[in-house]
Amino acid sequence: MHGSHADFLARIQLGLGFFYLLLAAMNWVAALLLWRDGPKPYFKLGGITVTNVFAWLIVGGLFLIVAPFAMMGSPPEFSESVKHVINELSGPVTLTVGSLVAMAFLFVFRGWWTKPPIAWLLLNFSLLAMGLAVTDANFFEIVGKPDNVPIVGLVYLLGFFTWLATYKAVINDDRMAQGLPPIEKTEDEKVLVWPDLVYTEMICMVAMTALMLVWALALQAPLEEPASSVKTPNPSKAPWYFLGLQEMLVYYDPWYAGVVLPSIVVFGLMAIPFLDFNKAGNGYYTISQRKFSYIVFQIGFFELWIVLIILGTFLRGPNWNFFGPFEYWDAHKVLAQNNVDLSQYFWGGMLGQGMPKAPAGSGPGMEFLYILWRESPGIILTLAYLVLLPPILAATVFRGFFAKMGLIRFMIMSNLLLLMISLPLKMVLRWTVNLKYIISIPEYFLNF
Amino acid sequence: MAEQKKLSVQEILALARKQKAEAAGEAAPASEPAAAAPEAAPPVAEAPAPVAAEAAPPAETPPKPAAPKPAGGKMSVAEMLAAARAQGAAKPAGAAAAAAPVPKPEAPAAPKPKPAAAEKNEAAPKVGGPKDTASILAAARKGAKPGPITKAEAAAKEKADPTTDEKPARVAPPMPVKPAAAMPKAAKGAPAEDRRGFLTVMFGSMLGLGYSALALAGGLWTLGLARFMYPNILTEPPSQFKVGFPSDFAPGKVEEKFKAQFGVWIVNTEYNGHLEIAAIRTVCTHLGCTPNWLEAEQKFKCPCHGSGFYKDGINFEGPAPRPLERYAITLADDGQLQVDKSKLFFEEMGQWSDPQSFYSV
């Protein structure tokens with residue numbers, strides 16, 4: 001392991017110092033750019049008007065003060081109690097529900113947080129939190145793995161593009177509320193392939209090559225020990241883009257999570273153009289004109305893909321147990337996870353009797369009937385979820401949708417939505433009541 | 001000048017049209033532009049050839065092609081349509097081309113094609129005229145005139161020809177009497193002939209023989225390839241192997257030393273209230289990873305998706321839907337336990353009560 005904490009800090013001090021210097025430079029470049037455009041007052045502090053240039057100069061200066069401390073091996077750190085709270089909060093239930101709440105917050109207050117100063121401030125905060133967190137050896141080990149460094153970069157990239165799209169959508173929505181056309185309509189100047197596009201592509205190519213060079217030189221290739229059929233690495237992780245799939249497999253039977261659900265995802269994505277009846281939003285950013293599509297996309301993409309990738313990358317440790325970001329990856333961590341099938345809950349827990357079992361020596365048909373009888377609570381529940389809910393939705397929440405889409409399109413859409421939502425539902429049920437399978441027929445390799 | 005050099009396709013076409021126009025050119029309205037056509041046609045054709053363009057004064061060429069084009073040159077679609085209409089109008093009246101109506105006298109280009117085309121209709125039969133599939137077919141059936149015939153010829157013959165589609169002529173002919181050869185009984189002799197036919201096709205000619213040999217060789221190659229896919233030597237451990245005497249396995253212990261070579265844990269534990277030694281397969285029933293035996297926690301734990309199993313192999317945590325599987329284990333003649341990996345026993349199917357699936361301690 002790492003030896004003492006001071007040794008660890010000495011190991012990372014140079015990198016961390018440069019990290020803070022980079023933060024200072026970043027803020028000062030922003031201040032410089034703002035100064036060139038002409039300073040604007042942000043707010044008043046005790047009679048002094050603080051301009052945007054001044055504010056970011058100050059922030060950069062603060063980072064500059066921190067940098068030498070980090071470089072000398074005594075950087076600012078999270079206290080143990082804060083780490084503990086963060087560990088607790090990154091449990092699966094709080095992470096999933098919390099990310100949902102955060103998404104709702106970002107949706108409702110999109111007009112506020114997309115303002116450039118606020119977004120810049122949020123970026124500064126997240127980078128500062130990263131700087132504080134890497135002083136923990138356990139956190140650094142996970143985040144600094146050659147495998148995982150690009151994923152951290154991807155998370156920031158995703159944050160940037162989310163901000164960009166939301167920012168443009170907010171501007172367009174404001175304009176269209178005033179009766180103006182979207183900003184893309186006013187920017188319909190003809191752009192030539194040569195030289196405009198080709199030059200852009202060439203610059204991107206050069207920048208990308210430089211990035212790849214730095215990446216290849218700075219990060220070790222994530223090679224592991226020679227493969228062996230009897231020794232599976234612990235934890236065994238899929239490539240990062242499949243970690244959402246691997247996380248799905250934890251809650252469902254392989255045939256369902258590995259074959260049926262991905263196929264439904266693919267066919268559902270293909271069905272979107274045929275299900276979408278909203279003609280607005282072609283060729284410009286908007287949220288308020290496509291609220292339903294936007295929310296469904298955010299849940300499907302962020303909640304069910306990105307959050308699961310982050311969870312799988314950073315929070316899943318040995319034996320596929322959950323570990324907080326500052327927790328040591330202990331292969332012998334003991335978690336009470338005695339999973340129970342719904343039928344066991346029903347027959348054993350609620351009725352207080354044994355599971356229905358075919359009498360010994362009965363034929364396969366009889367056994368099958370007994371299995372159906374045993375799993376009847378789960379089967380009824382699943383059928384009710386998929387068959388009864390769509391008409392109820394059509395009569396209540398999605399009344400307008402049903403009228404516009406017609407029966408078949410509405411049924412397809414509502415079933416796709418219900419199957420999508422069944423994933424987080426099942427996850428939360430597993431985490432909270434240790435539910436293993438709603439329908440469990442291992443005799444026929446059929447579990448749901 | 002055009003004759004001196006090699007004629008291009010366009011020039012040949014233009015010449016052909018010129019001759020045609022001259023042949024049909026006696027009608028009054030079309031005569032003037034038709035006469036102009038010979039002069040106009042070569043410049044049009046020469047336009048791509050720079051040498052010829054030099055020779056022909058280019059100053060006079062531009063205006064001329066426009067005017068004579070309808071008569072001598074190619075017809076545009078509009079002109080063809082107009083011609084067709086004029087034809088239709090001319091037919092009922094039985095009048096010649098000169099009678100064709102002139103809708104716009106002030107536009108000289110418009111009326112000209114009509115007379116020209118109408119004349120063509122009369123003159124065409126001798127030259128060639130339009131040929132349609134029906135007429136060609138009809139001629140072929142009659143055998144009267146091999147090769148294409150004109151519409152007019154076809155129309156003339158149509159009346160006598162019963163094969164063309166004239167509705168009143170469609171009278172069902174009486175069914176012919178079946179000849180003796182077509183009687184159903186005769187079919188019995190056919191298979192023998194067919195079989196002989198098959199042999200003839202396969203081996204009767206050098207070509208057939210060659211293809212048959214090729215097919216045979218290809219089939220043999222395919223079989224050989226299929227054989228190649230199976231290795232000559234299997235380095236796998238035998239599916240039956242001895243693991244030691246029952247006394248080697250202490251109660252409550254999981255023996256891991258056969259995991260690497262054979263993929264088996266030998267477990268001496270209690271299952272359903274009775275002590276037994278069993279051979280458990282080291283494959284997770286979720287997705288086939290290899291679980292680890294955690295001595296401290298007394299459980300098998302899969303590193304891929306977190307499935308957990310008790311010491312007896314029963315699943316209790318994570319997504320694994322079924323208990324681990326057992327191999328057959330029996331007592332050999334020398335008193336050692338023998339594991340047979342060719343037989344599997346599934347707990348959920350009630351197969352762990354099979355006497356081969358465990359060794360009772």
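Start by selecting Leu294(B) and Lys299(B): Leu294(B) stands opposite Lys299(B), which sits in strand β6 of chain B. Keep in mind as you click around that this is a predicted model.

Now widen the selection to residues 299-301 of chain B, which is β6(B). Three bridges tie this strand to β5(B), and the two run antiparallel. Next, bring in the rest of the sheet. Four strands line up in the order β5-β6-β7-β8 of chain B, making an open sheet with antiparallel pairing. Which strands are at the edges? They are β5 and β8 of chain B, each pairing on one side only.

Color it by chain: 26 residues come from chain B and 28 from chain A. On the chain B side, the elements giving two or more residues are α12 (259-262), β5 (292-294) and β8 (315-317). What is that side of chain B made of? By class, you'll find 11 nonpolar, nine polar and six charged residues.

Of the 361 residues in chain B, 27% are buried.

Go back to the strands and select residues 264-271 and 274-281 of chain B. These are β3 and β4, joined by eight bridges and running antiparallel. Follow the chain around the turn: the two strands form a hairpin with two residues between them, and Asn272(B) in that turn has a positive phi of about 55°.

Select residues 359-360 of chain B for β11, joined to β4(B) by two bridges in an antiparallel arrangement. Here Ile277(B) stands opposite Tyr359(B). Then select residues 326-331 of chain B for β9, which also runs antiparallel to β4(B) and is joined to that strand by two bridges. The pair to look for is Ile280(B) opposite Arg326(B).

Which residues have the most contacts inside the largest nonpolar core? Val264(B), Ile266(B), Ile277(B), Ala279(B) and Ile329(B) do, in a core of 34 residues. Both chains take part: α11 and α17 (399-433) of chain A, along with β3, β4, β9 and β10 (337-345) of chain B, each supply at least two residues. For a closer look, center on Ile266(B). Leaving aside neighbours within four places in sequence, Ile266(B) is in contact with Val243(B), Phe249(B), Glu255(B), Phe258(B), Ile277(B) and Ala279(B). A second, separate core has 15 residues, including Leu16(A), Tyr20(A), Ala55(A) and Val59(A).

For the last stop, move to chain A and select residues 243-251, helix α11, and residues 291-315, helix α13. The two pack at an angle of about 85°, with their axes 7 Å apart. That angle makes α11(A) roughly perpendicular to α13(A). To see where they touch, highlight Leu243(A), Gly244(A), Gln246(A) and Glu247(A) on α11(A). Across from them, α13(A) brings Leu304(A), Trp305(A), Leu308(A), Ile309(A), Leu311(A), Gly312(A) and Thr313(A). Color this contact by class and you get six nonpolar, four polar and one charged residues.

Technical notes:
Residues numbered from 1 in each chain as written. Chains lettered and ligands numbered in written order. Predicted model: local features only at pLDDT ≥ 70, side-chain atom pairs only at ≥ 80, totals over all residues. Contact = placed C-beta atoms within 7 Å. Nonpolar A, V, L, I, M, F, W, Y, C, P; charged D, E, K, R; others polar. Axes fitted to C-alpha atoms, helices over the stretch in contact; angles between N-to-C directions. Parallel < 35°, antiparallel > 145°, perpendicular 65-115°, else oblique. Pairing = 2+ DSSP bridges. Buried ≥ 20, exposed ≤ 12 C-beta atoms within 10 Å, placed from the backbone. Core = buried A, V, L, I, M, F, W, Y, C linked by C-beta atoms within 7 Å.
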